[in-house]
Number of protein chains: 2
Amino acid sequence: MKNILCTAVLISSMMAYGQQNEDSLQFAKISTEILNNGKAYTELRDLTQNIGHRLSGSASYEKAVQWAAKELREAGADKVWLQEVMIPVWERGKESLQIRTRDGKWKPIKMLSLGNSEGTGGKDISGEVVMVHSLEEYEKLPADQVKGKVVFFNYPFSQSFVETFRGYSDAAKYRVNAASLTAKKGGKFAVIRSLSSAFDNVPHTGGMRYDEQYPKIPAVAIGTAAADELAELLKSQKITLKLNSHCGMKGEKLSHSVIGEITGHQDHEVIVAGGHLDSWDVGEGAHDDGAGIVQSIEILRTFKKLGINNRHTIRVVCFANEENGVKGGIAYGKAAKENNEKHLFAIESDAGGFAPRGISMEMDAQKINQIKSWANLFFPYGVYNFEGRFSGTDLYPLHDMGVPTAELVPDSQRYFDIHHTEEDTFDKVNRRELLLGAVTMTQLIYMIDKNW
Amino acid sequence: MKNILCTAVLISSMMAYGQQNEDSLQFAKISTEILNNGKAYTELRDLTQNIGHRLSGSASYEKAVQWAAKELREAGADKVWLQEVMIPVWERGKESLQIRTRDGKWKPIKMLSLGNSEGTGGKDISGEVVMVHSLEEYEKLPADQVKGKVVFFNYPFSQSFVETFRGYSDAAKYRVNAASLTAKKGGKFAVIRSLSSAFDNVPHTGGMRYDEQYPKIPAVAIGTAAADELAELLKSQKITLKLNSHCGMKGEKLSHSVIGEITGHQDHEVIVAGGHLDSWDVGEGAHDDGAGIVQSIEILRTFKKLGINNRHTIRVVCFANEENGVKGGIAYGKAAKENNEKHLFAIESDAGGFAPRGISMEMDAQKINQIKSWANLFFPYGVYNFEGRFSGTDLYPLHDMGVPTAELVPDSQRYFDIHHTEEDTFDKVNRRELLLGAVTMTQLIYMIDKNW
């Protein structure tokens, strides 16, 4: 009995070893293919430099739709289609913010209206600045000290978190709520310190929301250096800010997410990899989220190129409208439900095209543990962190339907220096870092396709 | 007995837990201090932009010596001194490489003479190009096919390695030996494809060596894009290259490494942290190795600022002449021996100021295992890789004396895009990545100071 047991253990560990070895060879093939022949970097150059930023509703977004469909076909997709999505149309237009100090002269401050914000309708609106450093401080402020004024929320992005996403989450409520908080106490418009890990004069835009109870007043962001200067000036004098802007929501429009897939040979269960095709209307949307788009296309290309005989359908989704509405993600989830599609797994890359460090997962403990049991395979690729507890914004509708979802976790140090700014450009993306992110996603999908 | 044992186990694990907890709090203090108040980034801006590149023997290196002494004093060193080092003086001077194709016209190619190479003495030297892709291919080439010609070693930097240092090590022999290999078969000068992970027109310099048996002919590097173009041209025609350069070794000179320390309260055993103060004579020496210098100074500053009562002496060494001679490292080892100093541990940062991923160690297995047993403490800081088996070049003399040595392992993806080029400038360094490297080194030195 003991002998039989020993033999059984031996055989099973030999099988496990053989399995591990086969997988580790496949991991190496995937990595070598992508690092040497990957197209993600040159595709990203094309998307960012020939199309550029591509906010929902813009002509450039529509160009990006055609571009993504073409790239998916060229990568070897068996089927490519556009999925209808009604998207909000927000437009920026001309805008300016000026400051008047003691000397009585007006000087411009570099600024960006926050996404979804209404503007001044082309009129000058000005008011004296009241600065607060936190919501707590703002809540204590009597309404009569805010009425008719401009509220400057100078809440700093915390440098203390090692993962910069924690600093971002911590500060995001200021961007989202500044306008309605200001309106609630009768303020004229809101200015926020940018959600930025850098110390520079680069304003960061990003989505805000209105509380329907209050007037829809404008909200704008200024760079961290400008915020520090303004705070310094306020120590010794009264400051007036004057805003003139044309931004605002211009209704809705029919547009599309772009989908391509390679059919599984075993069943019609679907594995999704994706990113969002839209970006804010500044910079080139290179890290956010051109990177996720080209990495996802790379997965499909690599499966075809290496002839990996996928059991399940591998589908790349280039989601519309993540930045200001998530309408693409919502439409995708709705269609999946209506079409009764079974989704095995979905992963998004939407945290920048930096060197990968891990996979963040939202799924049951058994599946998480299974993925963690593959950690040794990922370790030689610098991927070691399977601790996260979130997945891509576009995947929440799938997650809510019970689909196991995940997100690629790249190194986070540089992302919030450039996130939602004119600085999010192709030259900020490193070829190898971008490709390694695609390697990680392809390796994970290979394992899931094989084992789930 | 069982109860006593249980109690003993409980107490010991409570102590271990308490210990772990105390250390993890200290790790957090170090990280918070450096991420919020670290001076490394602004110091690096000063070094790179106000002094710039600083090759051994140059006036700017001497400025950097004074600069480092001042920064160490300002960081709170109890003692700062200069250590004498005889360093080689290599100078570049004017240089140009031109190509003549079928049309008979000469066109310039962007190039850099390799460090330590002799030049043409200001004369034009030209010859027909013979291209080889590997040493094996070159060895098979009869001498009469090389004699009077220019050998172009077009060996590609391998993209397949995940750790780019492996690609670099693999290709380094071409840079080091191209000149003497060419001279051995009677060639006029050697051209190498740059040791670069990028595809661009940026030449990478770096140290080469002469085999004293053969004439000291020139060796130069061209960018990877230029190498590809040259290879393409050679498919269909004969190509002539013409070199004119003034570089060469100009003897030796007395210079200095810069050392600062905070005295230990328990004994005079020394813990060293360092980088090299010299750089190649192009770019700003930002990642290589301004980063290692300012990170090392940050350690000292942080110990003082947090009032960590170090048992052992913590010494920062800014080594002279790593790039073309390692004379600073050798002089340091010699002085340590002569002065009968006991070194407990030494770590260098000389792989770029990128986000840290690990610690590479050269020491006995017991010490390696002890450091590995601290891995949980490092994990929240993105530091997980304790697998390496090398330590800093400047530390080899200490290592040879039996000192446990280590090197910080930052993310390697971007380093060899810019290493030894005009592109190694301050703007390529990210503030948080640089500071996190200093965090890791400070945390490790805190543990070693406390436990060894």
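A salt bridge is a side-chain nitrogen of Lys or Arg within 4 Å of a carboxyl oxygen of Asp or Glu. In the predicted model described here, the side chains of E433(B) and R414(A) meet this condition, with 3.4 Å from N to O. This pair belongs to the interface of chain A and chain B, across which two salt bridges are found, while the structure holds 50 salt bridges over all chains.

The contact between the two chains draws on 30 residues from chain A and 30 residues from chain B, and together the chains bury about 2,500 Å², with 50% of this area on carbon and sulfur atoms. Between chain A and chain B there are also 22 residue pairs in polar contact, counted where both residues have pLDDT 80 or more. On the side of chain A that touches chain B, at least two residues each are supplied by α1 (2–37), β14 (356–362) and α13 (431–451) of chain A. When the residues on this side of chain A are sorted by class, eleven are nonpolar, eleven are polar and eight are charged.

Within chain A, the secondary structure comprises 13 helices and 15 strands. The C-alpha trace of chain A spans about 90 × 45 × 40 Å along its principal axes, and its radius of gyration is 24 Å, which agrees with the value near 22 Å that a compact globule of 452 residues would have.

The domain assignment divides chain A into domain 1, made up of residues 26–90 + 251–451, and domain 2, made up of residues 93–246. The C-alpha centres of these two domains of chain A lie 33 Å apart, and where the domains meet, 16 residues of domain 1 are in contact with 24 residues of domain 2. The size of an interface is often given as the accessible area lost when the parts come together. For domain 1 and domain 2 of chain A, the buried area is about 1,600 Å², of which 58% lies on carbon and sulfur atoms.

One salt bridge is found across this domain interface of chain A, and a salt bridge with 2.7 Å from N to O joins the side chains of K110(A) and E422(A). K110(A) lies in the loop between β3 (106–109) and β4 (111–113) of chain A, and E422(A) lies in the loop between α12 and α13 of chain A, so this pair ties together parts that are 312 residues apart in sequence. The interface of the two domains of chain A further includes eleven residue pairs in polar contact, again with both residues at pLDDT 80 or more. On the side of domain 1 that touches domain 2, the largest share, four residues, comes from helix α12 (residues 415–418) of chain A, and by class this side of domain 1 of chain A has seven nonpolar, six polar and three charged residues.

Some features of the backbone may also be noted. In chain A, a cis peptide bond joins D288(A) and D289(A), with omega about 5°, and D289(A) is placed in helix α7 (residues 286–305) of chain A. In chain B, a cis peptide bond joins D288(B) and D289(B), with omega about 0°, and D289(B) lies in helix α7 (residues 286–306) of chain B. N321(A), a residue other than glycine, has a positive phi near 60°, and N321(A) is found in the loop between β12 (313–319) and α8 (327–338) of chain A.

Methods. Residues numbered from 1 in each chain as written. Chains lettered and ligands numbered in written order. Predicted model: local features only at pLDDT ≥ 70, side-chain atom pairs only at ≥ 80, totals over all residues. Heavy atoms only, no water. Domains from an automatic or database assignment. Contact = heavy atoms within 4.5 Å. Buried area = accessible area lost by both parts, 1.4 Å probe. Polar contact = N/O pair within 3.5 Å; in protein donor to acceptor, adjacent residues only side chain to side chain. Nonpolar A, V, L, I, M, F, W, Y, C, P; charged D, E, K, R; others polar. Rg over C-alpha atoms; globule rule 2.2 N^0.38 Å.
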